[in-house]
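Hello,

Here is the structure I promised to pass on.

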Amino acid sequence: MSGMRPTGRLHLGHYFGVLINWVRFQTEYESYFSIVDWHALTTKYQDTSQIKANIHEIALDWLAAGIDPEVSTIYVQSGIPEIAELHLLLSMITQQNWVEREPTLKDMVRMLAADEEEAREKATYGLLGYPVLMSADILTFKGELVPVGKDQESHLEFARGLARKFNHLYGVDFFPECRPEFTSTPLLKGIDGSKMGKSANNAINLADTDADTTKQVMKMITDRTRIAKSDPGHVDQCEVPWPMYQIFGSDITEQVRTECESAQIGCVDCKKRLAGKMNDYLRPLRERREKFASDPKKVEQILEYGNKKARETAKKTLAEVRDIMGLHNWKND
Ligand code: ATP
Ligand code: MG
């Protein structure tokens, strides 16, 4: 089980940090992938105008990346009210100090707010409950393996703690303990050398054109100690292109190293070649995206089908949770 917020288009960080694992795991495990629109509200509750459009864009990015809707269950969080119910039930057993000490929440508020007053406005009850909601996302589907990026590690620790507490309190062995699964690039850097992010203006998006990609690559931070083209470069100090070569040009890394370290090639030409490699790699994915984009009805049907499947599982889990907690299972649905 894993999810992504509909807060913008997906980039290479999502692809190499998460999506390649989803594609790999979907044939090995029963998989649930959720477009978590309630999570988007935790930080964007003031402006919701883009959420619907972003849901569609994320679905296109997933399909382009190779998530197969016949194999995996792809759904939208707000279509599954049982997740909200589990969030509420779990909130009853969540200690206040557990949510207050979450490190990523503090970072989020600091990043989002310009001053103290804005920080208070941003730090809502919903945002504070983010890790509880994320736990409900996972536990509704009894998720065991959660393929995510490195920044989600502490949230998964939280979900594990809640599952353990629920099982202990009610004397059951019901919720499994979930664990994160990372790729070899669990924190991909953007063109400026910091974490590639949707809102950081440093991303290369899956849906970008070849020209956009080349433009972004040409802006990448290289070896800060190399001033003139005639100076020998140092690949180990090359901040972004060299790590990108490991992903997109693994067949020519030794050639790149030799040419760079003997000053046969300058950073500009080296980045041009990298952009070509990246565009070649991304072409089939972008073509697949175009195909799905030309048929928006089909994408809608895929999500509806996924929501139906996800809801069946969610209803089953919640009926069991109500029983375990000694609540009534009302026969009105
Ligand atoms: P936002 O700025 O809206 O939070 P985001 O880019 O962090 O956007 P999320 O939907 O929060 O996207 O995260 C989706 C998944 O992608 C998470 O598992 C996250 O860890 C992973 N992820 C995001 N950016 C990167 C990155 N640069 N490298 C590796 N994984 C990433
Ligand atoms: Mg994020």
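**Ligand 1 and the spaces in the model**

Glycine 149 has a polar backbone atom 3.0 Å from an oxygen atom of ligand 1 (a polar contact is a pair of N or O atoms within 3.5 Å). On its own, ligand 1 has 600 Å² of accessible area, and the protein covers 92% of it (Shrake-Rupley method, 1.4 Å probe).

Before going further, some ground rules: this is a predicted model, in which local features need pLDDT of at least 70 and side-chain atom pairs count only at pLDDT 80 or more, while totals for chains, interfaces and linings use all residues. Residues are numbered from 1 along each chain as written, chains are lettered from A and ligands numbered from 1 in the order written, and side-chain values use heavy atoms, with hydrogens and water left out.

Back to ligand 1. A polar backbone atom of arginine 5 is 3.0 Å from an oxygen atom of the ligand, and a backbone N or O atom of glycine 13 lies 3.5 Å from one of its nitrogen atoms. There are 19 residues around ligand 1, of which Thr7, His14, Asp151, Leu188 and Met196 come nearest (a heavy atom within 4 Å). Helix H1 (residues 12-25) gives the largest share of this shell, 4 residues (helices are DSSP runs of H or I, at least four residues, and strands are runs of E, at least two).

Where does ligand 1 sit? The ligand is in the largest pocket (more than half of its atoms lie within 2 Å of the pocket's grid points). A pocket is an open set of points on a 1 Å grid over the protein atoms alone, with protein on both sides within 12 Å along at least five of seven lines; a cavity is a set where a 1.4 Å probe fits but cannot get out, and lining residues have an atom within 4 Å of a point.

The largest pocket holds about 1,200 Å³ of space (the space filled by probe spheres set on the points). Its lining has 42 residues, with Arg5, Tyr130, Asp151, Gln152 and Lys195 closest to the centre.

The second largest pocket has about 400 Å³ of space. Among its 16 lining residues, His87, Tyr125, Gly126, Leu128 and Gly129 lie nearest the centre, and H4 gives the most to the lining, with 4 residues.

Finally, the structure holds 1 cavity of 30 Å³ or more. Of the 17 residues lining the largest cavity, Arg226, Cys238, Cys260, Cys267 and Cys270 are closest to its centre.

Best wishes

Terms used:
Polar contact = N/O pair within 3.5 Å; in protein donor to acceptor, adjacent residues only side chain to side chain.
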